[in-house]
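Subject: Structure handover

Hello,

Here is the structure I promised to pass on. My notes follow below it.

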Amino acid sequence: MSQLTALDAQFLHFETATNVANIAGLAVLEGSLNRADLQDLLEARLPYVPALHRKLAPVPFGLDHPYWVREDDLDLDYHVREIGLPPPGDDRQLAEQVARLHPRRLDRGRPLWEIYLIHGLRGGRTGLYVKIHHAAVDGVGGADVLAALLDLGPVPAPPPEHEPEWDEPPPGHAEMVARGLARMAGNPAQALRFAARAMPHLDEIPVVSSLPGSGAVAALARRAAGSGQAPELPSLPAPKTPFSGPISAHRRFAFVSLPLEEFKAVRKEFDVTVNDVVMAVCAGALRRWLAAHGGVPDQPLVAGVPFSLRAAGDEGTGNQVTIMTAPLAVHLDDPVARLHEVRHAMQRIKDRFSLSPARWLREFSESMPAALMGLASRSAFGLVGQTVPPINVFISNVPGPQFPLYVSGVRLLHHYPVSVITDMSGGVNITAFSYDGSLDFGVVTDRTMVPDAWELAGHLREALDELLNAEASFPR
């Protein structure tokens, strides 16, 4: 039996007409791929990808989190679609089509995914846009879903000999109600336990961390618990920017591929990590955009950075992710100074996370009554988004394979992430995926806040060039 965790359910409940929890990827293939071949591939691989075979089974009266139930009559004609671009079929047309598809909510009466084959790309290429709901997978789980469609060579590999075991069917309605009532009875105690466990981590939790004294209270609680010294995290009030606050229902999308070797060259020159370079490049790009659209703030932006809670080798289902916040030094003019500020900020967060992984997001979700979660989540997003948004931008860097992959014999050239923006996190999300020698960046923006996502994507190249041409003049 598989029930959504409280965190999984949060991704369902916070959705509104403007906040939509779809995560996706845009694969660009070297040649042509037709729908029939893709459906045949899916037919063969689906038994090994439970996330694509499950749909929601709601609990009566919303008393508890929904269950997953296997969909035995999967309609591939519904889930696999194809569209064509008019000439000339350039990258901007492709991105515009993805921007229209991405915020469309998925049908909750079916398995929560869709695939679009996009024909007519210049150079005989094909686009493959894969969208799945965040309630079904996190970033790692989404990569596993994509991997099920991919092969190491042009000839598709045979399926494994043994199909995975499926979860037992969910309980009947009466048992669902009984379990929901039992969970509700335990929620007050769960809330008290969360409050006690959260005390040492108040300086990690967005909104709460900006309250006066939260850092001192957290440090005192850590000492009282005997957890030892942990790196102090800076107070991070998010400055107001043109992309702060409630978002609209419309998106823009742009993408760019940059050589991974150039990031590694900067890493080597300045004795930092590749992820530090990614963060610094994003900071430089955002600084350039802000300078042209309302001015650069005199303090760092606050970046939301996802961290996986999965143990090595853990292939469990559902969301196992948390969010940490980091200062993003857009206020500094010198690109090397920005890089070193990023390095120090990310090192503090990593040191803190290694001592005590930030599980507050999952634990907070578990402490909330399921029957109230939807209203509470939507109200919180609306209120915080309009008053004190805790985050300016989401930035994520996902490592991927450094060798070519294939879909039904057609080589995958690039894979661009297409992620989520919300009222609380602002109207910009920059996610990078490393693949076969490139870092493929997907930039999602709110259409009214950042009308030209390509401008921001172009600044990524310029910000990387700044670092490539800079000298290692700061101490390491």
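T445 sits in strand β15 (residues 438-446). Helices here are DSSP runs of H or I with at least four residues, strands are DSSP runs of E with at least two, and both are numbered from the N terminus. T445 has 0% relative accessibility, so it counts as buried. Buried means under 20% relative accessible area, exposed means over 50%, and partly exposed is in between (1.4 Å probe, protein chains only). The T445 side chain reaches the backbone oxygen of V450 at 2.9 Å. That is a polar contact: a pair of N or O atoms within 3.5 Å, where within protein one must be able to donate a hydrogen and the other to accept it, and residues adjacent in sequence count only if both atoms are side-chain atoms.

Some ground rules. This is a predicted model: local features need pLDDT of at least 70, side-chain atom pairs count only at pLDDT 80 or more, and totals for chains, interfaces and linings use all residues. Residues are numbered from 1 along each chain as its sequence is written, and side-chain values use heavy atoms, with hydrogens and water left out.

Now the sheet. It is open, has six strands and mixed pairing, and runs in the order β5-β6-β7-β2-β13-β12. β5 and β12 (406-407) stand at the edges with a single partner strand each, so one side of each has no neighbour in the sheet. Strands pair if DSSP finds at least two bridges between them.

Start with β6 (residues 113-119). Six of its seven residues are buried, so the rest of the structure largely encloses it. Strand β5 (residues 80-84) runs parallel to β6, joined by five bridges. R81 has Y116 as its bridge partner in β6. β5, helix α4 (residues 91-101) and β6 make a right-handed β-α-β unit. Right-handed means that, with the strands pointing away from the viewer, the path from the first strand over the helix to the second runs clockwise. P88 is in the loop between β5 and α4. A cis peptide bond joins P87 and P88, with omega at about 10 degrees.

On to β7 (residues 126-133). Six bridges join it to β6, and the two run antiparallel. I115 stands opposite V130 in β7. β6 and β7 form a hairpin with six residues between them, and G120 in the turn has a positive phi of about 90 degrees.

Y406 has R411 as its bridge partner in β13. S408 lies in the loop between β12 and β13. Its phi is near 50 degrees, a positive value in a residue other than glycine. At 22% relative accessibility, S408 counts as partly exposed.

Aromatics next. The structure holds seven aromatic pairs. Y116 and Y129 form a tilted one: 6.1 Å centre to centre, 45 degrees between the planes. Rings of Phe, Tyr and Trp (its six-membered ring) pair if their centres lie within 6.5 Å; planes under 30 degrees apart count as stacked, over 60 as edge-to-face and the rest as tilted. Y116 and Y129 are both buried. F253, F255, Y416 and W454 form one aromatic cluster.

Y78 meets two arginines. The charged end of R81 sits over the Y78 ring, 4.5 Å from its centre. R110 lies over the face of Y78, at 3.8 Å from the ring centre. A charge sits over a ring if NZ of Lys or CZ of Arg is within 6 Å of the ring centre and within 35 degrees of the ring normal.

Two helices have clear sides. In α8 (residues 260-270), L260, F263, V266 and F270 are buried. They cover an arc of only 120 degrees around the axis, which puts them on the same side of α8. The arc is that of the directions from the helix axis to the C-beta atoms. E261 and K268 are exposed on the face turned away. D271 follows α8, and its phi is positive, near 55 degrees. D271 is partly exposed, with a relative accessible area of 49%.

In α2 (residues 35-45), the buried residues are L38, Q39, L41, L42 and R45. They fall within an arc of 160 degrees, so they line one face of the helix. D40 and E43 are exposed on the other side of α2.

Best wishes
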